[in-house]
Structure formats: C-alpha cells, structure tokens
Amino acid sequence: MKRFFTIVTLLLITQFTTLFALTANYQDEDVRIDLIYTDTMVPGDALFVRMKVTTPKSVKKSKDTSTKTAMMKLYQGSKVIESSSFYTTNKNLKSGITEMLAGVPLSSWLKSADYSLKIIFNLSETDAREFTLPVTFKSKTFNEESIYLNSANTAIRTDNSPERAAQIEKLNNILFTTNAESVFNLTPFENPSTSTYYTSHFADRRTYKYHNGKTATTLHYGNDYRAATGTPINACGDGKIVLAEWRNSTGFSVVIEHLPGLYSIYYHCSELIVKEGDMVKTGDLIAKSGSTGLATGPHIHWEIRLNGEAVRPEFFLNDFAFENIEY
C-alpha cells in the first residue's frame, strides 16, 4: 500500500534569502523515499530535490536494485519545461541506502502559471513509480539598464568571426555537459571576492547602445562587482577547472565544474592562476580581476550555470543541496 505525505518546513539559510523547502515521504512494500526540496519557484533561481532511498534487505535479496535511477520533471500545465536526472551524492552509505540529488534552473522570464514537480523513480529497469510534489510561484522584477559602448567594445559585441563562433560553441559544449561522476561540492558557495559593490546584477535587462547608433537588447547572465585590476578572484566552491583561456568577448575566462551540470564562471580577468584540469577548493585563488574583453571598466563577473542556463549566483550561497538539513 502506497503512502505519501508532505510537511512544510521553513529554512532561513543565510542573510541573502529565505529558502523555503518541503519535506516529503513516499513508501510502498519495496522502497521508502525521504526527500526535501525547494518548493518556492522564484524566476532566475533553481529547484533542487534531495532524496534518501531505503530498500529493505528482503527486497534486495529478491530483486536486482543495482540500477536505481530517478528523474525530476517541472511541468507548466501539461507541458514539461525543465527536467534533470538524479545523481548519487554519497557512495559510502550502508547497504540498502542511496542518497540522490537533482536540480533544474528556473528561467528569469517565468510568469505565474500552474506549475508542478514530478518525481519518477525506478527501483530497477522494470519497476518504476512516480509522484507529484506541489510548488509555489513567487514573482520577481528585474532591473533594466542601458550601456553605451565605445568603438572598441562595439566591435567586440558585434564580432561575427569564425574564431568567436568557435569559442561560443566550445563554451556551450562544456556548460551543457552533465557528468554524473562530477560530484565535487555539496555545501553552500562563497562569494569569489570580498568586493560587495554591485555594478550590474543577474538578469538585468540590458540595452546596448553601439558607437554607430544602433542598439541591441540582451540579458546579463551574472553579477558584476567593482574591483580594481589585480583584485584576487577565488573559487566559489570545490570543483574542477574545465576552461581557463582567452575568449574574444569575455577576455581571460575561467569555468569550474562543481556538480553534474553545475558550473561557475569568471570573466574579464587580467590574469589566470589556474589551468584546465586543476582541482580547486573553496577560496582558492584562480584569477585576478581586470577589464579584458567586452568591459567598460575593471570588475569581477561571477556567473552560475545549471544545465546550461544562467541562474542567480546568490541562490547557491544557501544550503541549496540540503547537506546540513535532516529529512
């Protein structure tokens, strides 16, 4: 007999935001699933679900449960708008217990609608069950700004060269890669610098005004912090350096892989300290700030991507993976 219930839990994680979460439980004769998840949808943030799956010894003896898999799907009405596979976060638990995590990005363009979150869990290849978790939408307004570009920055912004196209393709191939084995950081991120003066915010609606009089609209994908050239930039979390090189539009650039599909990005650096393949810890020096590439002055650009989509960096200053929360 199946049983499923939810319990409301309010979590105040840091000074940056109040993170709302729900705990839930699913149980039948073969498996028990305890989970905690972000239940409030804020445009530009993310939804994460952490599950502890317990399989009784009697089931393990009678069934092959070695292929446990799970997926989360975010619905708007009857349409799937985001989905993500779960990955194992702790392989050192006692027999019969598995911990899994998954997250999906929330577009900053989301509007109020009928949303729901479905979990599909497979105990084996032929033994699946699913249940739906309630979510609440919370609207948000983003800034608008106009940026005037001189002739040099106009040329960078309008560069359609094969070289820049190849750089964009390389970066996208990285950011849309999800490696289930890349579980490096489950704790809250830290700011990459002591600078806290924002010059631009995540998801600012930008209008570029070119030197030739033309304009273009775009979205700002990260946070910009004022910082003199040479200011240390530190890794926001543990991870692997998957890109450290010059790019035409973003200058000296660094990308760190933290979790399957979760990356942090640092642009416009004056100097790179790390190289591709390096493993870093939270707070390690990775680069120094500058104004290389398309920049109107020295600053630190910090960006987070989840499954290829930009999300608000401050969201990850919280215990987003629920590492310190009891089910």
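Me: Which residue in E16 does Tyr208 stand opposite?
Reply: In this predicted model, Tyr208 faces Ala216 of E16. The two belong to a strand pair: strand E15 (residues 205-209) and E16 run in the antiparallel sense, with 5 bridges between them.

Me: What is the order of the open sheet of 3 strands, and which are its edge strands?
Reply: The order is E13-E15-E16, and the pairing is mixed. Strand E13 (144-148) and strand E16 (215-219) are the edges, each pairing on one side only. From one strand to the next, the twist averages 25°.

Me: Where does Ala203 lie, and what is its phi?
Reply: Ala203 is in the loop between strand E14 (198-200) and E15. Its phi is positive, about 65°, although Ala203 is not a glycine. Ala203 counts as buried because its relative accessible area is 0%, and the cut-off for buried is under 20%.

Me: His268 also has a positive phi. Where does it lie, and is it buried or exposed?
Reply: His268 lies in strand E21. With a relative accessibility of 6%, His268 counts as buried. Its phi is about 65°, and His268 is not a glycine either.

Me: Now an open sheet of 4 strands. What is its order, and how are its strands paired?
Reply: The order is E7-E6-E10-E11, and the pairing is antiparallel. Its edge strands are strand E7 (79-85) and strand E11 (127-134), each with pairing on one side only. On average, neighbouring strands of this sheet are turned by 20° against each other, with direction ignored.

Me: How many bridges join strand E10 to E11?
Reply: Strand E10 (residues 115-124) is joined to E11 by 8 bridges, and the two run antiparallel.

Me: Which strands are joined by bridges to E24?
Reply: Among them are E18 and E22. Strand E18 (residues 232-234) runs antiparallel to E24, with 3 bridges, and Ile233 stands opposite Ala287 there. Strand E22 (residues 271-272) is also antiparallel to E24, with 2 bridges; here Glu271 stands opposite Lys288.

Me: Which backbone oxygen lies 2.8 Å from a polar atom of the side chain of Thr292?
Reply: That oxygen belongs to Cys269. Cys269 is also one of the residues in contact with Thr292 when neighbours within four places in sequence are left aside.

Me: How many residues has the largest nonpolar core, and which have the most contacts inside it?
Reply: This core has 35 residues, and those with the most contacts inside it are Phe48, Ile286, Phe316 and Phe320. The elements giving two or more residues to it are strand E5 (46-54), strand E20 (251-259), strand E21 (262-269), E24 and E25. The largest share, 4 residues, is that of E25. Another core lies apart from it, with 30 residues, among them Leu47, Met100, Leu110 and Leu123.

Me: How is a pair of aromatic rings described?
Reply: The description uses the distance of the centres and the angle of the planes. The structure holds 12 aromatic pairs. In one of them, Phe315 and Phe316 are edge-to-face, at 5.1 Å centre to centre and 80° between the planes; both residues are buried. Phe316 and Phe320 are edge-to-face too, at 4.9 Å centre to centre and 70° between the planes.

Me: Which residues do ring pairs link into a cluster?
Reply: The cluster consists of Phe48, Phe189, Phe315, Phe316 and Phe320. Phe316 has a relative accessible area of 0% and is therefore buried; Phe320 is buried as well, because its relative accessible area is 0%.

Me: Which residues does Phe320 touch, not counting those up to four places away in sequence?
Reply: Phe320 touches Phe48, Asn185, Thr187, Pro188, Phe189, Leu259, Leu262 and Phe315. Of these, Phe48, Phe189 and Phe315 also belong to the ring cluster.

Terms used. Residues are numbered from 1 along each chain as its sequence is written. Side-chain values use heavy atoms; hydrogens and water are left out. A polar contact is a pair of N or O atoms within 3.5 Å; within protein, one must be able to donate a hydrogen and the other to accept it, and residues adjacent in sequence count only if both atoms are side-chain atoms. Contact means heavy atoms within 4.5 Å. A nonpolar core is a set of buried Ala, Val, Leu, Ile, Met, Phe, Trp, Tyr and Cys residues joined through side-chain atoms within 4.5 Å. Buried means under 20% relative accessible area, exposed over 50%, partly exposed in between (1.4 Å probe, protein chains only). Two strands pair if DSSP finds at least two bridges between them. Axes are lines fitted to C-alpha atoms, for helices over the stretch in contact, and angles run from 0 to 180 degrees between N-to-C directions. Rings of Phe, Tyr and Trp (its six-membered ring) pair if their centres lie within 6.5 Å; planes under 30 degrees apart count as stacked, over 60 as edge-to-face and the rest as tilted.
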